[in-house]
There are 2 protein chains.
Amino acid sequence: MLYLVGLGLADERDITVRGLEVVKKAERVYLEAYTAILLVDKAKLEAFYGRPVIEADRELVETGSDDILADADKVDVAFLVVGDPFGATTHTDLVLRARELGIESKVIPNASIMSGIGCTGLQLYNFGQTVSMVFFTETWKPSSYYDRVKENVQIGLHTLVLLDIKVKEQSLENMARGRLIYEPPRFMTVAQCAAQMLDTEEERQEGVWGPDSLAVGAARVGAEDQKLVAGTLQELSQVEMGPPLHSLVLLGRRAHDLEKDYIRQFAVNEATFDASWKKGGYGSS
Amino acid sequence: MLYLVGLGLADERDITVRGLEVVKKAERVYLEAYTAILLVDKAKLEAFYGRPVIEADRELVETGSDDILADADKVDVAFLVVGDPFGATTHTDLVLRARELGIESKVIPNASIMSGIGCTGLQLYNFGQTVSMVFFTETWKPSSYYDRVKENVQIGLHTLVLLDIKVKEQSLENMARGRLIYEPPRFMTVAQCAAQMLDTEEERQEGVWGPDSLAVGAARVGAEDQKLVAGTLQELSQVEMGPPLHSLVLLGRRAHDLEKDYIRQFAVNEATFDASWKKGGYGSS
C-alpha cells in the first residue's frame with residue numbers, strides 16, 4: 001500500500017494521529033521536500049517518529065517514482081507531504097503510476113494552505129482561483145497570473161497567492177558545468193510578492209489592482225508564531241514578516257463586514273486601511 | 001486561552017497530535033455539532049480522548065457563546081470543529097467575541113472539505129468560489145447559488161458544492177407549538193444535489209449546465225470507505241453513494257488531461273464520460 005500522508009503546516013505535531021500510526025508502521029518513509037517545507041527539519045521529524053526518513057527531491061519523485069513504489073504491492077510505503085497530499089501541489093501522478101503498477105493508495109488528509117488561509121478570517125467561500133507567484137528576474141517577469149487574478153477581481157472574489165520557494169536549485173553556471181552544487185534555499189516574502197504585483201500592474205496597466213488595493217499577508221500559518229498583516233499593497237511591499245513560509249491574499253470587492261472587522265485587527269495602519277476600504281469600494285456585492 | 005481545534009474529516013484519529021494534546025489538558029471541551037459531523041459519534045470521541053465532551057448546538061454557539069468562553073482568560077477551553085475551524089463554516093465570530101472579552105485564541109488547523117476535495121484529483125488551483133446547496137421544498141427552491149456557479153463556469157473553473165445537513169431541526173408545527181421535539185437528521189446526497197441542479201437549470205434556462213455536464217460526487221472524503229464517482233449530472237442524479245457526508249464538484253471547462261485521467265478512473269460509465277467530455281468542450285482553456 002502507498003500512503004500519502006499530509007503533515008499539515010507547521011511542525012512535527014501537526015501530523016494526525018492516523019498519519020502517525022501509518023508512519024510508525026511503514027516499511028519506508030519518504031518526505032517530499034521541494035514544493036513546501038515544514039518549520040522544523042528532517043532530524044526533528046525523525047526523532048519524533050523514532051525512525052529514519054528519506055528525503056525525496058523533485059528528481060526522485062518525477063523520474064524515480066518506481067524506486068519509491070518498489071515492493072509497495074507487498075509492504076507499506078509512506079510518502080509524506082507538507083500540507084495536504086492533494087493540496088497546493090497534487091501528487092496525482094504518483095497515485096496514477098502506483099495504480100498502473102497494481103499498487104493501492106490511501107491518502108491521509110491534513111491542513112493545506114488552501115484551507116489554512118481561513119485563519120485570516122476571510123471566508124473560503126469568497127475565494128476565486130488560486131495563483132502562484134514566481135521570483136522575477138531582470139529578464140523574466142511572467143505575468144500570466146495577472147489574467148487569472150483579473151478574473152477573480154472582476155467577480156469581486158479574494159485571491160490566494162502562493163509564493164515561490166527555491167530549494168536545491170543550481171545556478172545556471174553550475175548546471176552548465178554539471179556541478180551538483182546547490183544554491184541556498186530562498187523563500188519569497190510577502191513584501192517581495194506585493195512589490196512584484198505592483199511591478200506587473202505598472203507593466204500591464206489594466207487597473208486590476210494598485211498601490212491602494214487591500215491585501216492580507218500571512219506568515220507561518222498554523223504555527224505558534226503565525227503572523228497576519230492587513231494593509232495596502234504599497235504598505236505590504238515594505239512589511240517585515242519574519243521567517244517563511246509566506247502567502248498573500250488580494251482582497252476581493254465582495255468582502256463582508258465580518259471579514260473587515262476581523263482583518264482590521266491586524267492592519268498595518270487603521271487609518272489607511274479604512275480609507276482604502278472606502279476608496280476601493282470594498283463591501284459591495 | 002480559547003483553542004479552536006480542527007478534527008479533520010472522518011473519525012477520531014484524524015485529530016492532529018497537537019490538537020489531541022490540547023483536548024487532553026483543556027478544562028472544558030465543546031464539540032460544534034450542527035454544521036458538519038464526523039463519521040463517529042460523541043461517545044467514541046470521549047472514549048478516545050478519555051474525557052467528557054459537551055455538545056454545542058447552534059443555539060449555544062450563537063447566543064450562549066459567553067458560557068463557552070467563561071473563565072477562558074484563566075483556563076484553557078477547547079472548541080472542536082469538524083474539518084478546519086476556519087473552513088467551510090468559519091468561527092470568526094467566536095474569536096472576535098473572545099477578543100472583546102480579553103481572551104486569547106489559538107487555532108489548530110486540520111483538513112477541511114475545501115482542501116480535502118483534492119482527493120478527486122481535481123486541482124485546487126482550478127476551483128472558483130464554493131457554493132452551498134440547501135434542501136429544496138415544494139415552495140422554496142432558492143437559486144442564488146446558480147449565479148455564483150455561472151461566474152465560475154464562464155471562466156471555466158470547477159465549483160465545489162457543499163451539501164445541506166439538517167441536525168436538530170424542529171418541524172414548523174413543533175416550533176409553532178414550542179415543543180422541543182427534533183426531526184431525525186438529514187444529509188443531502190449527491191443524487192439529490194444533482195437532481196436539484198437539473199431542476200434549477202430547467203427553471204433558469206441560462207445553459208450554465210445541463211444533463212450532460214460532467215461532475216464528480218464524493219462521499220466520506222478521507223475515510224476508509226471514501227467513495228468517488230464521476231459522471232454526467234443525469235447519471236449522478238441516480239447514483240447511490242452510501243452514508244454521509246457527500247459533496248459534489250461541477251467540472252470546469254479548463255480541466256486538464258491529468259485531471260481527466262484521474263477522474264475517469266471512477267466514471268459511472270466510461271463511454272458516456274468520454275462523449276460528454278468531448279461534447280462539453282472540456283480540456284480547452
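**A strand residue and its surroundings**

Analyst: A:Val249 lies in strand S12 (residues 246-250) of chain A; helices (H or I, at least four residues) and strands (E, at least two) are DSSP runs, numbered from the N terminus. The model is predicted, so local features need pLDDT of at least 70 and side-chain atom pairs count only at pLDDT 80 or more, while totals for chains, interfaces and linings use all residues; side-chain values use heavy atoms, with hydrogens and water left out. Residues are numbered from 1 along each chain as its sequence is written, and chains are lettered from A and ligands numbered from 1 in the order in which they are written.

User: Is A:Val249 buried or exposed?

Analyst: A:Val249 is buried, because its relative accessible area is 0%. Buried means under 20% relative accessible area, exposed over 50%, and partly exposed in between (1.4 Å probe, protein chains only).

User: What is A:Val249 in contact with?

Analyst: Contact means heavy atoms within 4.5 Å. Neighbours within four places in sequence aside, the contacts of A:Val249 include A:Ile117, A:Phe127, A:Thr159, A:Leu160 and A:Leu214. A:Gly217 is 32 residues from A:Val249 in sequence and 6.5 Å from it in space, C-alpha to C-alpha.

User: Two of those contacts, A:Thr159 and A:Leu160, interest me. Which way do they point from S7(A)?

Analyst: A:Thr159, A:Val161 and A:Leu163 point one way from S7(A), and A:Leu160 and A:Leu162 the other way. In a regular strand the side chains alternate between the two faces of the sheet. Strand S7 (residues 159-163) of chain A is mostly covered, five of its five residues being buried.

User: Which strand pairs with S7(A)?

Analyst: Strand S6 (residues 131-133) of chain A pairs with S7(A) in the parallel sense, over three bridges. Two strands pair if DSSP finds at least two bridges between them. Opposite A:Leu163 in S7(A) stands A:Met133.

User: Changing topic: how much area do chain B and chain A bury between them?

Analyst: The two chains bury about 4600 Å² between them, 56% of it on carbon and sulfur atoms. Buried area is the accessible area (1.4 Å probe) that two parts lose on being put together, summed over both. B:Arg13, B:Arg18 and B:Tyr125 supply 17% of the area that chain B buries against chain A, more than any other three residues. The contact takes 51 residues from chain B and 51 residues from chain A.

User: How many salt bridges are there between chain B and chain A?

Analyst: There are twelve salt bridges between chain B and chain A, and the count over all chains is 48. A salt bridge is a side-chain nitrogen of Lys or Arg within 4 Å of a carboxyl oxygen of Asp or Glu. One of them joins the side chains of A:Arg18 and B:Asp11 (3.2 Å, N to O). A:Arg18 lies in helix H1 (residues 17-25) of chain A and B:Asp11 in the loop between strand S1 (2-6) and H1 of chain B, so the pair joins two chains. Both A:Arg18 and B:Asp11 are buried.

User: Which residues are linked in a network of salt bridges?

Analyst: A:Asp11, A:Asp14, A:Glu224, B:Arg18 and B:Lys106 form such a network. The side chains of B:Lys106 and A:Glu224 meet at 2.8 Å, N to O.

User: What about a salt bridge of B:Arg264?

Analyst: The side chain of B:Arg264 meets that of B:Asp274 in a salt bridge (2.8 Å, N to O). B:Arg264 is in helix H11 of chain B and B:Asp274 in helix H12 (residues 270-279) of chain B, ten residues apart. B:Arg264 counts as partly exposed because its relative accessibility is 26%, and B:Asp274 likewise at 29%.

User: Back to the contact between the chains: where is A:Thr92, and what does it touch?

Analyst: A:Thr92 is in helix H5 (residues 92-100) of chain A. Apart from neighbours within four places in sequence, A:Thr92 is in contact with A:Phe86, B:Gly121, B:Leu258 and B:Tyr262. With a relative accessible area of 1%, A:Thr92 is buried.

User: Last one: where is A:Trp277 found?

Analyst: A:Trp277 is in helix H12 (residues 270-279) of chain A. A:Trp277 counts as buried because its relative accessibility is 8%. Not counting residues up to four places away in sequence, A:Trp277 touches several residues, among them A:Leu214, A:Leu251, A:His256 and A:Tyr282.
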